[in-house]
Amino acid sequence: MTIKIYNENRLTGQPFFKDLIEYLAEHDEVMLRQIHKDFADVKNMDRQIDSFIAAGLILRSDKRYSLGFHIFKDSDFDWKRIEDKKAEPQRNIYEHPIFIEENSRIEKLLQESNCYPRLTNQTNQVILNFVTSFSYKEYPENTKVTPTLANYFNKVASNLPLTTFEKEIYQMIGDVDPEYALKYMTTFLLKFMRKDIVKNKSDIFVNVLEKYNYIEKISEKEYKCLLEFSEQVIPEQKYDDAKSFIIAQIQQTTAIEPFISLGDKEAIRIN
């Protein structure tokens, strides 16, 4: 069995952890000396295993080691109840790693599902809303995923591989602080609330918005916005158990256009 990990963290992203869980999935209740024998080249093994145990990812009982989590398979789900179900857009949140049998039907549905990231900032009440693939982090070099500014900031922050398009963005703004970039981007976008065409000098942040097709340059110093201002609110739902999250997430198949929404309208000032 090959295990696919979603919502990876610092521990689950370690190469030895991935090798160890594949090993323990095939070998029940293994003693430490056998692990040392089969992973003789791994440095600081005991320390690494102790950190996995402390996080509840690996279990140790009577000097024997086993997996501390469930690996979801197709047989775990009632397909008559969940097949072909489609839900309204919703931000589903589950903050822990999820372990799924790779190439299973349920993994395929997760890959095909959507998530709806958003970018906020401390300068104003502008919220940038996007749609992207749920698995964009797990398959970061997948060029079929529509690029979004939210994906870029997340991948740079997580040190994930970038697509060719994102590498071009990196040449423009590098690992800029998102808060700093969004201060200028959203202040510029706010001007489109009262004008269809906005005059503005070209700069790197405007150029990035143009490259993502969020704005269009119509003359040397004039732009129009390609994003709609909308009052749509995509609700959030937090989950405490992985299975409920998975069932809800695979129903997120609605594609939406990126849009701009506003928080506290009374607090907005347009320069």
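## Ground rules

Residues are numbered from 1 along each chain as its sequence is written. In this predicted model, local features need pLDDT of at least 70, side-chain atom pairs count only at pLDDT 80 or more, totals for chains, interfaces and linings use all residues, and side-chain values use heavy atoms, with hydrogens and water left out.

Helices (H or I, at least four residues) and strands (E, at least two) are DSSP runs, numbered from the N terminus. Two strands pair if DSSP finds at least two bridges between them.

## Aromatic rings

A pair of aromatic rings is described by the distance of the centres and the angle of the planes. Rings of Phe, Tyr and Trp (its six-membered ring) pair if their centres lie within 6.5 Å; planes under 30 degrees apart count as stacked, over 60 as edge-to-face and the rest as tilted. The whole structure holds 22 aromatic pairs. One of them joins phenylalanine 188 and tyrosine 223. Their centres are 5.9 Å apart, and the planes stand at 90°, so the pair is edge-to-face. The two partners come from distant parts of the chain, 35 residues apart: phenylalanine 188 is in helix H8 (residues 178-190) and tyrosine 223 is in strand S13 (residues 222-225).

Phenylalanine 188 has 4%, so it is buried. Tyrosine 223 has 0%, so it is buried too. Elsewhere, ring pairs link Phe16, Phe17, Tyr23, Phe39, Phe52, Phe69 and Phe99 into a cluster.

## Charges over rings

A charge sits over a ring if NZ of Lys or CZ of Arg is within 6 Å of the ring centre and within 35 degrees of the ring normal. Lysine 4 places its charged end over the ring of tyrosine 139, 4.3 Å from the centre. Lysine 243 lies over the face of phenylalanine 77, and here the distance to the ring centre is 5.6 Å.

## Helix H8

H8 has 13 residues. From its first C-alpha to its last it reaches 17 Å, close to the expected 18 Å. The expected span is 1.5 Å times one less than the number of residues. Its buried residues are Ala181, Leu182, Met185, Thr186, Phe188, Leu189 and Leu190.

## The sheet with S13

Strand S13 belongs to an open sheet of three strands, in the order S11-S13-S12, with antiparallel pairing. Strand S11 (197-199) and strand S12 (215-219) stand at the edges; each has a single partner strand, so one side of each lacks a neighbour in the sheet. Neighbouring strands are turned by 35° against each other on average, direction ignored.

S12 and S13 are joined by four bridges and by a hairpin through two residues. Serine 219 stands opposite glutamate 222, and isoleucine 215 stands opposite cysteine 225. Glutamate 216 is also found in S12. Its relative accessible area is 34%, so glutamate 216 is partly exposed. Contact means heavy atoms within 4.5 Å. Leaving aside neighbours within four places in sequence, glutamate 216 touches Glu222, Tyr223, Lys224 and Leu226.

Which strands pair with S9? Strand S8 (residues 118-119) pairs with S9 in the antiparallel sense over two bridges. A hairpin through six residues joins S8 to S9, and arginine 118 stands opposite asparagine 129. Strand S16 (residues 259-262) also pairs antiparallel with S9, over four bridges. There, isoleucine 127 stands opposite serine 261.

## The sheet S2-S4-S3

Another open sheet has three strands in the order S2-S4-S3, with antiparallel pairing. Its edge strands are S2 (30-31) and S3 (58-61), and each pairs on one side only. S2 and strand S4 (residues 64-67) pair over two bridges. Methionine 31 stands opposite arginine 64.

Terms used:
Buried < 20%, exposed > 50% of the residue type's maximum accessible area, 1.4 Å probe, protein only. Axes fitted to C-alpha atoms, helices over the stretch in contact; angles between N-to-C directions.
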